[in-house]
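Please follow the account below with the sequence and the model side by side.

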Amino acid sequence: MLKKMGEAVARVARKVNETVESGSDTLELHLEGNFLHRLPSEVSTLQHLKAIDLSRNQFHDFPEQLTTLPALETINLEENDIVDVPVEKLAAMPALRSINLRFNPLSAEVRVIAPPLIKFDMLMSPEGARAPPP
């Protein structure tokens, strides 16, 4: 298990470094299925990032540094363990068009507060729904 985790961390570090080094034309970052529970701080430098896929990881907390990325249009956090979402910060993101939070144990508060505050698509599973087996 530790070897698998180490390989995943190394893969993520390489991907983030490649993305940062590629410059300001970065459009997408794919970090799905890497056992992540937090983002590397370098992600906050990706000011031109348009889409990020963090699905099938182990986030318990919403990665709030994403809310500082002005060009971000799409966030995929499907199949994580997120309960709370910074709805007000997401609502203030100028370019955000879609966030996928399916198969997360979202709190009832998020389910009630989010819809009237947001101007983008917020995908959520029915309460208590489980992700399909891999």
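In this predicted model, five strands form an open sheet in the order β1-β2-β3-β4-β5, and their pairing is parallel. Its edges are β1 (28–30) and β5 (121–123), each of which pairs on one side only. Direction ignored, neighbouring strands of the sheet are turned by 5° against each other on average. Within the sheet, β2 (residues 51–53) and β3 (residues 74–76) are joined in the parallel sense over three bridges. Aspartate 53 stands opposite asparagine 76 in β3.

The nonpolar interior may be considered next. In soluble globular proteins, nonpolar side chains tend to be buried together. Here the largest nonpolar core comprises 30 residues, and those with the most contacts inside it are Ile52, Leu54, Leu66, Ile75 and Leu90. Both α2 (87–91) and α3 supply at least two residues of this core. Leaving aside neighbours within four places in sequence, leucine 66 is in contact with Leu39, Val43, Ile52, Leu54, Leu72, Ile75 and Met93.

The loop between β4 (98–100) and α3 (108–117) contains asparagine 104. Is this asparagine 104 buried or exposed? Asparagine 104 counts as buried because its relative accessibility is 6%, and the limit for that class is under 20%. Its side chain reaches the backbone oxygen of leucine 101 at 3.1 Å. Apart from neighbours within four places in sequence, asparagine 104 is in contact with Leu77, Glu78, Glu79, Asn80, Asp81, Ile82 and Arg111. Between the C-alpha atoms of asparagine 104 and proline 126, which are 22 residues apart along the chain, the separation is 9.8 Å.

Methods:
Residues are numbered from 1 along each chain as its sequence is written. This is a predicted model: local features need pLDDT of at least 70, side-chain atom pairs count only at pLDDT 80 or more; totals for chains, interfaces and linings use all residues. Side-chain values use heavy atoms; hydrogens and water are left out. Helices (H or I, at least four residues) and strands (E, at least two) are DSSP runs, numbered from the N terminus. Buried means under 20% relative accessible area, exposed over 50%, partly exposed in between (1.4 Å probe, protein chains only). Contact means heavy atoms within 4.5 Å. A polar contact is a pair of N or O atoms within 3.5 Å; within protein, one must be able to donate a hydrogen and the other to accept it, and residues adjacent in sequence count only if both atoms are side-chain atoms. A nonpolar core is a set of buried Ala, Val, Leu, Ile, Met, Phe, Trp, Tyr and Cys residues joined through side-chain atoms within 4.5 Å. Two strands pair if DSSP finds at least two bridges between them. Axes are lines fitted to C-alpha atoms, for helices over the stretch in contact, and angles run from 0 to 180 degrees between N-to-C directions.
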